[in-house]
Amino acid sequence: MSDLYPPEFRVDPELPATTDFTVTSVDGRVGMGVRTNKAFTRGVRVAKFTGQLSSKILQHTLQVTPDMHLHDPWFVGLFTHSCAPNCVLDMQRLEIWALTDIGPGELLTIDYSMTEDVLHRQFACGCGSAHCRRWITGRREGPNETGRAYLAGLESKKIKRMVARQPRRGTR
């Protein structure tokens with residue numbers, strides 16, 4: 001049985017256990033995350049998950065339907081975001097699948113934009129992926145005012161770096 005979930009949620013013997021996963025602090029910006037204690041190969045089921053259904057969008061909820069969310073502050077709701085995630089969620093079967101090979105000790109990641117129409121809170125991304133979108137929103141929302149300002153600031157810095165790298169032309 002799982003010991004990651006409270007006793008009232010331990011309804012399925014296939015739920016994750018601390019022998020296979022560790023809930024841990026990631027860093028000061030990210031907060032909590034989940035690391036695997038064993039390896040998973042691409043294409044295999046990593047775990048099942050559960051939670052409490054809610055009509056509200058909260059931190060640690062995952063969208064099941066446009067009007068229904070699953071609140072899981074114990075396991076999958078703690079997965080960190082990556083623009084190049086190593087896991088994907090099947091919200092119909094409540095299962096997690098490996099998108100890549102995952103080694104022991106790795107953080108389990110999902111793309112929040114793939115799980116939510118609207119996020120509880122948009123945020124700046126620093127996942128480090130070559131395809132990082134820099135500002136994370138739900139799949140059906142654009143960047144909010146803070147996000148637009150953040151992205152404009154990044155673009156301004158990029159332009160300044162490009163100008164600084166251009167060779168200066170001599171004057172006659």
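In this predicted model, Cys 127 is partly exposed, with a relative accessible area of 28%. Cys 87, by contrast, is buried, at 2%.

| Residue | Relative accessible area | Class |
|---|---|---|
| Cys 127 | 28% | partly exposed |
| Cys 87 | 2% | buried |

No disulfides are found in a search of the whole structure. For Cys 127, the nearest cysteine sulfur belongs to Cys 125 and lies 3.7 Å away; a disulfide would need the two sulfur atoms within 2.5 Å, so Cys 127 is in none.

The largest nonpolar core comprises 24 residues. Phe 21, Val 46, Phe 49, Phe 75, Phe 79 and Ile 96 have the most contacts inside this core. Strand 3 (45-48), strand 8 (87-90) and strand 9 (95-98) are the elements that give it two or more residues. Beyond its neighbours within four places in sequence, Val 46 is in contact with Phe 21, Phe 40, Cys 87, Ile 96, Trp 97, Ala 98 and Leu 108. A second, separate core has six residues, among them Cys 83, Leu 119, Phe 123 and Cys 132.

The largest pocket has a volume of about 820 Å³. Its lining consists of 32 residues, with Val 30, Thr 80, His 81, Tyr 112 and Phe 123 nearest the centre. By class, 17 lining residues are nonpolar, 11 polar and four charged. Elements that each supply at least two residues of this lining include strand 1 (21-27), strand 2 (31-36), strand 5 (61-65) and helix 1 (112-115).

Technical notes. Residues are numbered from 1 along each chain as its sequence is written. This is a predicted model: local features need pLDDT of at least 70, side-chain atom pairs count only at pLDDT 80 or more; totals for chains, interfaces and linings use all residues. Side-chain values use heavy atoms; hydrogens and water are left out. A nonpolar core is a set of buried Ala, Val, Leu, Ile, Met, Phe, Trp, Tyr and Cys residues joined through side-chain atoms within 4.5 Å. Buried means under 20% relative accessible area, exposed over 50%, partly exposed in between (1.4 Å probe, protein chains only). Helices (H or I, at least four residues) and strands (E, at least two) are DSSP runs, numbered from the N terminus. Contact means heavy atoms within 4.5 Å. On a 1 Å grid over the protein atoms alone, a cavity is a set of points where a 1.4 Å probe fits but cannot get out, and a pocket is an open set with protein on both sides within 12 Å along at least five of seven lines; lining residues have an atom within 4 Å of a point. Grid points are joined across faces, edges and corners, and a volume is the space filled by probe spheres set on the points. Ala, Val, Leu, Ile, Met, Phe, Trp, Tyr, Cys and Pro count as nonpolar, Asp, Glu, Lys and Arg as charged, and the others, Gly among them, as polar.
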